[in-house]
Amino acid sequence: MKTTLEITDEPLPQDLARVGEGLAAFNDSDVGASGRKALAVFVRGDAGAIVAGLSGYTAWGWLYVQWLWVDERLRGRRIAASMLDAAEREAAERGCQAAWIDTFNPTAAKVYERQGYRPFGTLPDFPVGRSRIFLQKKLR
């Protein structure tokens with residue numbers, strides 16, 4: 001089979017889907033089906049607009065929190081903690097044993113630690129001048 005190497009900063013959705021499908025098939029055969037399922041928590045304001053949100057997924061008995069954002073005007077009100085609590089409860093109902101999250105924001109890391117997350121690794125200078133912190137928490 002002849003192959004070519006392509007680099008792009010505008011990948012087609014169907015090309016990314018193919019890579020994801022291929023990796024999922026490999027992982028399923030290697031370690032078993034992930035049972036991957038999206039999980040999102042939203043906080044909406046008076047007009048229904050999203051003012052905070054959490055997005056991630058559950059797979060292989062873990063919750064991964066990919067994104068967590070709170071509108072600047074609402075920070076300091078434990079909204080992040082409430083969203084994490086809700087996501088963790090749902091993940092536990094799905095049979096998850098633990099959760100992980102990462103950040104390069106020191107303030108966010110402190111919020112996660114107050115929620116019971118513990119650091120398990122760091123990447124220095126990611127981005128330059130900061131460290132990316134990886135945290136985990138047992139759910140049961």
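Phe-42, Ile-50 and Trp-69 make a nonpolar surface patch of about 300 Å². Such a patch joins nonpolar side chains (Val, Leu, Ile, Met, Phe, Trp, Tyr) within 5 Å, from residues with over 30% relative accessible area and no salt bridge; areas follow the Shrake-Rupley method with a 1.4 Å probe, only the protein chains shown counting as cover. The model is predicted, so local features need pLDDT of at least 70 and side-chain atom pairs count only at pLDDT 80 or more, while totals for chains, interfaces and linings use all residues. Residues are numbered from 1 along each chain as its sequence is written, and side-chain values use heavy atoms, leaving out hydrogens and water.

Trp-69 lies in strand S3, residues 62-70; strands are DSSP runs (E) of at least two residues, helices (H or I) of at least four, numbered from the N terminus. Trp-69 is partly exposed because its relative accessibility is 41%, where buried means under 20%, exposed over 50%, and partly exposed in between.

S3 runs antiparallel to strand S2 (residues 50-59), with eight bridges joining them; strands pair if DSSP finds at least two bridges between them. Ala-59 has Trp-62 in S3 as its bridge partner. Two residues separate the strands of this hairpin, in which Trp-60 takes a positive phi near 50°.

With strand S4 (residues 98-103), S3 runs parallel through four bridges. One of the partners is Ala-99 in S4, which bridges to Leu-63.

Conventions: Patches are made of residues with over 30% relative accessible area and no salt bridge: like charges are joined within 9 Å, nonpolar side chains (Val, Leu, Ile, Met, Phe, Trp, Tyr) within 5 Å. A salt bridge is a side-chain nitrogen of Lys or Arg within 4 Å of a carboxyl oxygen of Asp or Glu. Buried means under 20% relative accessible area, exposed over 50%, partly exposed in between (1.4 Å probe, protein chains only).
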